[in-house]
Amino acid sequence: MPSSKLLKHTEAAIVPREALTVNPAKTCQPIGAMYAALGVHRCLPHSHGSQGCCSYHRSALTRHYKEPVMAATSSFTEGASVFGGQSNLLQAITTEFSLYDPEIIAVHTTCLSETIGDDIPQIIGKAKAEGKIPAGRYVIHANTPSYIGSHVTGYSAMVRAFVDYFAESTGRRHGKLSILAGWVEPSDMAELKRMLAELGAPFILLPDTSGVLDAPLTGRFEMYPEGGTRLDDIRLMGDSYAAIGLGPFATGAAAKLLDTKCKVPMNILDLPIGLSATDRFIDKVRKLAKVGVPDSIAKERGRLLDMMSDMHQYTYGKTVALAGDPDQLAPLAEFLTDLDMKVKYLVTGTPGKSFEPRLEELIGKAEPGDYRGAPADLFALHQRLKSQGTDLLIANTYGKLIAHDEDIPFVRFGFPILDRVGHSDFPYVGYRGGMRLLEKILSVLMDRIERDAPNEKFELVM
Amino acid sequence: MGDIAKAIDAEAVRREILAGLPAKVARRREKQIVVNKADGSGVSPEILANTRTLPGIITQRGCTYAGCKGVVVGPTRDILQITHGPIGCGFYSWLTRRNQTRAGADEDNFMPYALSTDLQDNDIVFGGEKKLRKAIKEAYELFKPKAIAIFATCPVGLIGDDIHAAARDLSEELGITVFAMSCEGYKGVSQSAGHHIANNAVFTKVVGRNETAPEGEFKVNLLGEYNIGGDSFELERLFGDLGITLVTTFSGNSTFVSMGQAPFADVDLVMCHRSINYMAEMLETKYGIPWFKVNFIGAKATAKSLRHVAEYFGDPALAARTEALIEKESAEAEAALKSIRPRLEGKTVIMYVGGSRAHHYQDLFKELGMKVISAGYEFAHRDDYEGRKVIPGIKVDADSRNIEQLEVAVDETRYRERRTEEQLEALKASGIPVGDYDGMMGEMEDGSLVIDDVSHYETEKLLEILKPDLVCAGIKEKYVVQKHGIPLKQLHNYDVGGPYAGFQGAINFYREIDRLVNGSVWKKIRAPWDLSPELLGSYGSD
């Protein structure tokens with residue numbers, strides 16, 4: 001029934017496209033910078049551009065987290081667009097320190113201010129010279145032009161900016177490992193911290209949105225919730241004996257800078273999603289921190305493995321379509337392959353040369369009929385699914401339109417999730433996160449078996 | 001002294017808010033925070049509106065693109081819409097506004113699609129016009145639409161892409177309507193500029209492009225109704241029951257064809273004055289269609305507006321049908337209200353939203369017996385506060401001057417006088433706001449607090465001082481307010497739920513407000529140990 005389709009104009013036949021993106025699998029840099037900046041305590045993200053950018057980013061993050069998302073804007077009008085945004089930013093800095101009392105204002109640019117060519121370090125220098133930045137307060141910046149990369153690139157740029165502005169090398173190493181968190185949820189940040197504590201490896205995590213974007217309902221609003229990486233800790237990162245970047249796209253730039261600037265040896269790993277990637281993370285921390293893996297972590301691993309083996313009959317041989325960000329997709333695809341599922345279709349909107357080779361290392365080369373769109377959009381993915389179908393789709397909320405039309409079991413994963421809760425509270429990283437992910441996958445696959453089973457095949461025990 | 005004036009000292013609240021602001025900000029804000037006077041003179045205090053938000057203020061405002069694509073053109077399902085710019089703007093305006101639409105099996109519906117030229121750094125350096133032209137062709141190949149609309153984002157104006165030339169050329173080449181809007185985000189001071197740009201484009205490129213006269217005895221256009229949560233559907237049902245032909249809405253559940261037929265209407269009914277008054281005026285000048293302000297939010301407001309429509313047509317049978325429908329549906333609304341109102345009576349509301357809703361929803365709260373102690377708009381102009389009578393006195397500043405004001409001439413072949421001057425005067429005399437809007441302040445109580453473009457800081461102060469039982473605002477304020485333990489109803493896209501228009505919509509709203517204000521969860525914020533913290537020991541097993 002064509003009328004029941006939501007995306008009823010999508011057809012299987014591929015018409016070549018060079019200029020048009022349809023249903024993107026990415027968004028723009030500044031939102032990533034805003035999200036990363038929220039992971040630093042008492043930091044106010046500032047969008048240097050039109051009001052609409054700030055409004056859209058705050059709205060999108062608010063809908064994803066169902067939490068307050070505080071950020072300010074330079075409120076460009078036509079005048080600022082012609083003469084430059086310097087006076088807007090100077091005025092904004094004064095107003096923000098006076099009204100909102102942040103410790104750090106983290107400025108990110110937009111396509112507008114980048115096209116004009118505003119020189120943010122110069123403006124910050126001027127603000128400093130004119131006494132607009134109170135003692136012990138800071139204004140930092142990241143260049144995040146929306147016409148390069150994606151939201152992931154913006155996240156990466158802001159994490160790098162924190163290292164650039166604050167990490168110091170005093171020459172005296174301390175015993176803390178620096179962990180650069182990729183773009184994961186507050187629940188994932190909390191889980192990373194729990195695992196590191198369990199391992200007995202002292203650490204600094206940057207950024208850390210746990211305790212910020214998962215705030216409790218208490219009857220009080222906190223402009224700056226208690227979570228977030230402390231400024232002093234960011235400074236200390238320069239004296240770490242080693243750093244781990246979780247996800248090359250989101251943390252590679254910051255890890256490299258920490259290495260070149262402060263001589264902190266970098267280790268870039270996949271996000272610890274699924275069994276094998278978590279194994280590599282734990283093993284790396286063990287070696288760097290010279291700690292033993294405690295029985296508690298080994299048991300968590302064992303429980304994930306147990307669930308994988310108990311339910312193998314439901315995952316074996318199933319085909320999967322994925323859409324999301326490279327740092328997530330690589331270990332996710334690996335996990336699904338560990339489950340003997342077949343990642344047949346995969347799309348990310350984020351460009352980057354290193355992704356496909358890494359994917360090949362983890363799950364092998366694409367076979368005939370497979371589709372790896374990097375970069376590509378959800379429309380391209382949908383066209384492939386129309387002609388060939390799949391057993392499972394894992395994507396952000398927008399994936400549900402495809403899942404609806406093609407009747408595909410669907411697991412929400414990635415950014416944004418606008419229509420369900422849980423991602424702020426229950427992690428997908430680590431062994432326990434792997435169990436949650438597997439539980440979600442099994443639920444939709446097994447619901448489907450039950451929905452489609454004839455009465456005589458409807459099983460009580462599965 | 002009104003009830004409100006007894007309940008709050010608005011001037012003291014105003015002073016306290018201003019005292020907390022930096023001097024430069026306070027100087028601006030003191031003209032945008034006004035204590036309302038309703039002394040029967042028909043003149044409201046002057047408020048500063050449609051002015052720049054100062055940089056660094058955490059504002060709830062969006063941009064021109066959002067007003068143009070997101071609000072006005074977005075809800076038309078069969079105009080294929082391409083955002084020309086980097087990916088973000090197209091992404092954020094993709095299905096987030098809850099404009100519902102109901103396409104037949106064979107009809108186009110492009111609303112679930114986000115199309116963008118996804119400009120890259122090379123395009124910014126060398127220009128994006130070529131890419132746009134190619135994208136339009138590719139979009140045509142994929143979707144075969146009747147019309148394509150192009151929206152400019154911030155960098156497009158700066159790099160000098162001639163999107164209008166591209167639209168013109170492609171229109172010719174493809175043989176369909178292709179039109180472009182220079183709605184760069186930095187134009188104007190808020191979404192409002194985008195509404196105006198969209199009105200101009202739709203009026204010149206879409207309206208009047210369909211020569212097929214719609215059937216029907218009583219034909220109306222409904223302007224400024226965007227079918228959030230199905231509001232238009234509910235109004236379509238009412239019009240259908242009354243035998244009134246809804247030629248088109250601007251623009252909820254509308255189509256390229258229906259908007260093209262707009263000149264055939266007998267009258268234009270204006271819901272959201274702010275976003276669509278330009279269209280109403282242009283339709284009147286060019287085609288002779290009179291307009292009047294309606295409000296279908298609230299059962300009593302709906303009844304009043306429907307009676308105005310019947311009176312405009314002056315047909316006894318229509319009047320009788322209207323009275324019968326009002327009687328039946330009002331009774332249903334009354335019945336629903338009866339059990340809910342006692343639980344809400346006397347509760348206080350503050351609302352800062354949009355360019356018309358902070359006014360329209362006051363009628364619903366009156367029905368619920370709730371008091372609106374403070375209200376304001378996010379992007380309205382002075383006339384939306386004080387009434388259209390102030391328009392001649394509004395100073396046009398540089399930000400407004402750069403939005404084109406179309407010179408509209410009479411269409412000699414299609415202009416038709418629907419009502420004579422005398423008839424219109426008679427309608428006005430009987431209370432129908434023909435060609436007029438009285439604004440929000442005249443209907444608010446004496447001593448209430450009116451605030452334009454409220455900021456985060458001010459909202460926090462207002463919560464602290466006024467301790468309202470309910471806040472109506474947008475998604476960005478929602479969880480800030482709710483962390484305080486105060487419920488917030490989102491009145492931009494409603495978050496969930498609706499329709500709230502018409503009688504059945506009013507019932508939905510009564511229930512929604514009851515759910516929010518009297519929900520169990522708010523009573524559970526304090527844990528037992530917070531309520532009696534001193535207890536150190538206990539007797540027995542409890």
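The crossing of helix 7 of chain A and helix 10 of chain A is right-handed; a crossing is called right-handed if the near helix is turned clockwise from the far one by less than a right angle, and left-handed if anticlockwise. The model is a predicted one, in which local features need pLDDT of at least 70 and side-chain atom pairs count only at pLDDT 80 or more, while totals for chains, interfaces and linings use all residues. Residues are numbered from 1 along each chain as its sequence is written, and chains are lettered from A and ligands numbered from 1 in the order in which they are written.

Helices (H or I, at least four residues) and strands (E, at least two) are DSSP runs, numbered from the N terminus. Two packed helices are described by the angle between their axes and the distance between the axes. Axes are lines fitted to C-alpha atoms, for helices over the stretch in contact, and angles run from 0 to 180 degrees between N-to-C directions. Helix 7 (residues 151–166) of chain A packs against helix 10 of chain A at an angle of about 20 degrees, and their axes are 7 Å apart. That makes the two helices roughly parallel, a label given to angles under 35 degrees, with over 145 counted as roughly antiparallel, 65 to 115 as roughly perpendicular and the rest as oblique. Helix 7 of chain A contributes V152(A), Y155(A), S156(A), V159(A), R160(A), V163(A) and D164(A) to the contact, and helix 10 of chain A contributes F249(A), A250(A), T251(A), A253(A), A254(A), L257(A) and L258(A). Residues are in contact if their C-beta atoms, placed from the backbone, lie within 7 Å. By class, this contact has 10 nonpolar, 2 polar and 2 charged residues; Ala, Val, Leu, Ile, Met, Phe, Trp, Tyr, Cys and Pro count as nonpolar, Asp, Glu, Lys and Arg as charged, and the others, Gly among them, as polar.

Another helix pair of chain A is formed by helix 4 (residues 86–100) and helix 6 (residues 120–129), which pack at an angle of about 45 degrees with their axes 10 Å apart. Helix 4 of chain A and helix 6 of chain A are therefore oblique to each other, and their crossing is right-handed. Q86(A), L89(A), L90(A) and I93(A) of helix 4 of chain A make the contact with I123(A), K126(A) and A127(A) of helix 6 of chain A. The residues of this contact divide into 5 nonpolar, 1 polar and 1 charged.

Helix 10 of chain A also belongs to the surroundings of a sheet. This open sheet of 4 strands in chain A has the order 7-6-8-9 and parallel pairing, where two strands pair if DSSP finds at least two bridges between them. Strand 7 (203–206) and strand 9 (266–269) of chain A stand at the edges, each with a single partner strand, so one side of each is left without a neighbour in the sheet. Neighbouring strands of the sheet are turned by 20 degrees against each other on average, direction ignored. Strand 8 (residues 243–246) of chain A runs parallel to strand 9 of chain A and is joined to it by 4 bridges, with L246(A) opposite L269(A). Helix 10 (residues 248–262) of chain A packs on the sheet and touches strand 6 (177–180), strand 8 and strand 9 of chain A; its direction makes about 160 degrees with that of strand 8 of chain A. Helix 11 (residues 275–289) of chain A lies across strand 6, strand 8 and strand 9 of chain A, running at about 165 degrees to strand 9 of chain A.

An automatic or database assignment supplies the domain bounds. Chain A is divided into domain 1 (2–21 + 308–456), domain 2 (29–150) and domain 3 (177–299). The centres of domain 1 and domain 2 of chain A, taken over C-alpha atoms, are separated by 35 Å.

Between the chains, 63 residues of chain B are in contact with 65 residues of chain A. Helix 7 of chain B gives the most to the side of chain B that touches chain A, with 8 residues. That side has 36 nonpolar, 14 polar and 13 charged residues. Strand 1 (residues 21–22) of chain A and strand 3 of chain B run antiparallel and are joined by 2 bridges, and L115(B) is the bridge partner of V22(A).

Definitions and conventions. Contact = placed C-beta atoms within 7 Å.
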